[in-house]
Amino acid sequence: MSTPAVEAVELVKQFDQTTAVDGVSFSVPTGTVLGLLGPNGAGKTTTVRMLTTLSRPTSGTGRVAGHDIVEEPAAVRRSMGLVGQAATVDELLTARENLWMIGRLAGLPSSYVRPAGDDLLERFSLADAADRVVKTYSGGMRRRLDLAVSLIAAPPVLFLDEPTTGLDPRSRNDLWDVLRGLVREGTTLVLTTQYLEEADQLCDDIVVIDKGRVIAAGTPTQLKDQAGAASVVLTLTHAVDLDRAEQLLRTCTPDVYVEPKARRLTAQADGLADMSRIGQAFAESGIPVDDLGLQRPSLDDVFLALTGHRAEDDADQTGEIDPEGALR
Amino acid sequence: MTATATTTTAPHRQARPEVRPPSLVGSSLIVVRRNLIHIKRMPELLLDVTIQPIMFVLLFAFVFGGSIAVTGSSYREFLVPGIMAQTMAFASFIVAIGLTNDLDKGIVDRFKSLPISRASILVGRSVSSLIHSSIGISVMALTGLAIGWRARNGVLETILGFALLLLFGFAMIWLGIWVGSLMKSVEAVNGVMFTVMFPITFVANTFAPTENMPDWLATIAEWNPLSSLVQATRDLWGNGQPAGPDAALPLQHPILTTVLWAVGLTAVFAPLAVRAFQQRSRD
């Protein structure tokens with residue numbers, strides 16, 4: 001097996017009293033997407049900052065494209081791109097000027113940067129706005145430019161810190177498409193996210209981080225399997241049938257959960273066989289049903305099962321300080 | 001976007017030439033160029049070194065000028081070197097604001113993720129701030145000429161006067177980098193710098209002779225580094241009389257003291273600045 005594109009080896013980062021990252025290890029094969037999933041303040045951003053040489057690990061190390069992040073930071077910087085949490089494009093420059101500046105600073109000749117920049121602008125649907133000052137851009141355009149700028153040096157490894165935070169669903173989908181395109185071309189992606197759907201959509205592997213530690217790792221499917229069995233969800237046409245429906249459902253499977261307002265019943269199920277058995281029973285009983293479906297546990301359920309709290313819960317509520325936010 | 005996203009190859013990818021990280025000078029120049037584009041895009045950034053000092057020159061010359069007696073020259077001639085020195089002191093302000101802004105917006109992080117020397121961020125910021133302040137000095141020289149100020153002692157002295165101003169500005173830049181690295185927001189920089197720099201530029205011989213101040217204040221004013229600079233430029237340009245025998249030691253040898261102050265302030269603030277910047281940008 002070839003060397004992984006990115007490796008974290010027992011990374012630790014301490015800020016004064018807090019340990020933001022407490023021994024994080026993972027490995028990302030070339031050409032795949034790794035998602036770092038966790039709530040605010042879990043240590044995702046700090047981990048990315050260490051791997052991208054912006055922050056020096058207290059202990060442990062990592063490798064990017066085979067280069068050690070502590071020993072060879074310059075080589076690491078030549079082989080990766082970073083899309084930070086806030087869109088770090090220069091607001092007073094035009095898109096073209098931003099691309100030129102970063103391309104030149106990345107060590108590429110002007111003769112290369114200009115056509116490559118135009119190419120990226122075209123690709124990210126920014127060609128029409130290329131000579132407009134970035135201040136006038138929408139959030140989605142900024143994000144796309146941010147990504148374009150990070151790609152000007154065509155890095156083999158790209159880190160993205162919460163790339164879709166603050167984007168509307170349409171822009172988010174567009175960005176996902178772009179990222180999938182990059183992966184098809186062989187780029188390795190490491191992205192942090194709080195959105196389980198995003199991890200589910202994009203990632204080959206997921207590392208779940210909470211309070212600076214890796215609490216689970218695997219493919220999205222593996223993680224979902226860990227969260228337990230699937231369930232059958234049934235929505236009745238009339239609320240009056242709720243009691244009868246519940247009794248009927250209990251004859252099929254003992255674990256039933258009723259949400260009267262939504263006229264919804266949820267029951268443990270082992271799979272399709274269970275669902276068709278339940279469907280059959282309801283068809284025979286004559287209770288009108290609006291909707292019947294099999295639901296696999298979402299990553300949200302996985303997260304809840306692993307950490308005891310929802311992914312979108314703010315870390316502030318648990319009284320933790322957020323070293324990432326404080327130091328940005 | 002969805003249409004273009006399905007492209008399977010990026011044409012530029014195959015053609016990626018060898019990455020040759022730019023030298024310190026090369027990358028600093030790119031950063032300077034970027035900072036100058038900022039000034040071009042937001043000319044109001046230059047207000048502090050254009051309209052504001054002109055306003056000061058005119059206000060002091062015409063409003064207070066009549067009531068402030070100076071010996072050896074007109075008040076207007078006395079005033080121009082003072083305001084130029086004040087502008088150089090405020091160079092620290094300009095650096096601090098620019099740096100805090102870049103740190104705050106994540107631009108510094110972006111630069112740091114690139115294969116360039118991290119010093120180029122500071123060098124670029126410093127050089128563009130000096131250019132910024134020099135624009136101010138030029139504007140003021142022109143305003144001064146319009147209201148009767150002249151450099152009366154010859155070309156060499158004239159140039160030396162401007163050189164001292166720039167040297168002092170260089171020292172002030174380190175103060176600016178230090179403050180800019182410590183502060184978390186542009187508002188904080190504004191608050192701190194205004195509170196600190198404003199009295200420093202006034203408790204000096206910038207706008208009024210120190211002789212008429214209470215003794216204790218006159219002593220502070222005469223030992224103020226800015227006073228040496230002002231006295232040095234006045235002497236070099238023949239604006240007003242050299243300091244009297246009663247004046248404090250620094251004003252007796254203003255050129256030498258200005259150089260010493262510039263070196264001394266740099267020696268103090270440069271290490272503080274570099275350490276604060278590294279600390280701010282390390283974690």
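These are my notebook entries on a two-chain predicted model.

**Ground rules**

I number residues from 1 along each chain as its sequence is written, and chains are lettered from A, with ligands numbered from 1, in the order in which they are written. Since I'm working with a predicted model, local features need pLDDT of at least 70 and side-chain atom pairs count only at pLDDT 80 or more, while totals for chains, interfaces and linings use all residues.

**Entry 1: chain A overall**

I started with the secondary structure of chain A and found twelve helices and 14 strands. Helices (H or I, at least four residues) and strands (E, at least two) are DSSP runs, numbered from the N terminus. Next I looked up the extent: the C-alpha trace of chain A spans about 75 × 45 × 40 Å along its principal axes.

How much of chain A counts as buried? I got 44% of its 328 residues. Buried is when 20 or more other C-beta atoms lie within 10 Å of a residue's own, exposed is 12 or fewer, and partly exposed is in between, with C-beta atoms placed from the backbone.

I also checked contacts (two residues whose C-beta atoms, placed from the backbone, lie within 7 Å). In chain A, among contacts with a separation of 6 or more, 69% join residues 24 or more positions apart.

Chain A splits into domain 1 (6-225) and domain 2 (229-296); bounds like these come from an automatic or database domain assignment. The centres of the two domains of chain A, taken over C-alpha atoms, are 43 Å apart.

**Entry 2: two helices in chain A**

A reminder to myself: two packed helices are described by the angle between their axes and the distance between the axes. I picked helix 3 (residues 95-105) and helix 5 (residues 139-151) of chain A, whose axes come within 9 Å and cross at roughly 30°. Axes here are lines fitted to C-alpha atoms, for helices over the stretch in contact, and angles run from 0 to 180 degrees between N-to-C directions.

Helix 3 and helix 5 of chain A are therefore roughly parallel. The cut-offs: under 35 degrees is roughly parallel, over 145 roughly antiparallel, 65 to 115 roughly perpendicular, and the rest oblique. Their crossing is right-handed, which is when the near helix is turned clockwise from the far one by less than a right angle; anticlockwise is left-handed.

Which residues meet? From helix 3 of chain A I listed A:Ala95, A:Asn98, A:Leu99 and A:Ile102, and from helix 5 of chain A, A:Leu145, A:Ala148 and A:Val149. By class that contact has six nonpolar residues, one polar and no charged. Ala, Val, Leu, Ile, Met, Phe, Trp, Tyr, Cys and Pro count as nonpolar, Asp, Glu, Lys and Arg as charged, and the others, Gly among them, as polar.

**Entry 3: positive phi in chain A**

Most residues other than glycine have a negative phi. I noted A:Glu162, which isn't a glycine but has a positive phi of about 45°. A:Glu162 sits in the loop between strand 7 (157-161) and helix 6 (169-184) of chain A. Why does A:Glu162 count as buried? Because 21 other C-beta atoms lie within 10 Å.

I noted A:Lys211 too, with a positive phi near 50°. A:Lys211 is in the loop between strand 9 (205-210) and strand 10 (213-218) of chain A, and is partly exposed, with 18 other C-beta atoms within 10 Å.

**Entry 4: chain B**

Chain B has 14 helices and zero strands. Its C-alpha trace spans about 80 × 35 × 35 Å along the principal axes, and 45% of its 283 residues count as buried. For contacts with a separation of 6 or more in chain B, 81% are between residues 24 or more positions apart.

I looked up helix 4 (residues 51-64) and helix 8 (residues 119-147) of chain B: their axes come within 9 Å and cross at roughly 30°. The crossing is right-handed. The contact involves residues including B:Pro53 and B:Val57 of helix 4 of chain B and B:Gly136 and B:Met140 of helix 8 of chain B. I count seven nonpolar, three polar and no charged residues there.

**Entry 5: two spots in chain B**

Last, I found B:Ala218 in helix 11 (residues 215-223) of chain B. B:Ala218 is partly exposed, with 19 other C-beta atoms within 10 Å. Leaving aside neighbours within four places in sequence, B:Ala218 contacts B:Thr210, B:Glu211 and B:Met213.
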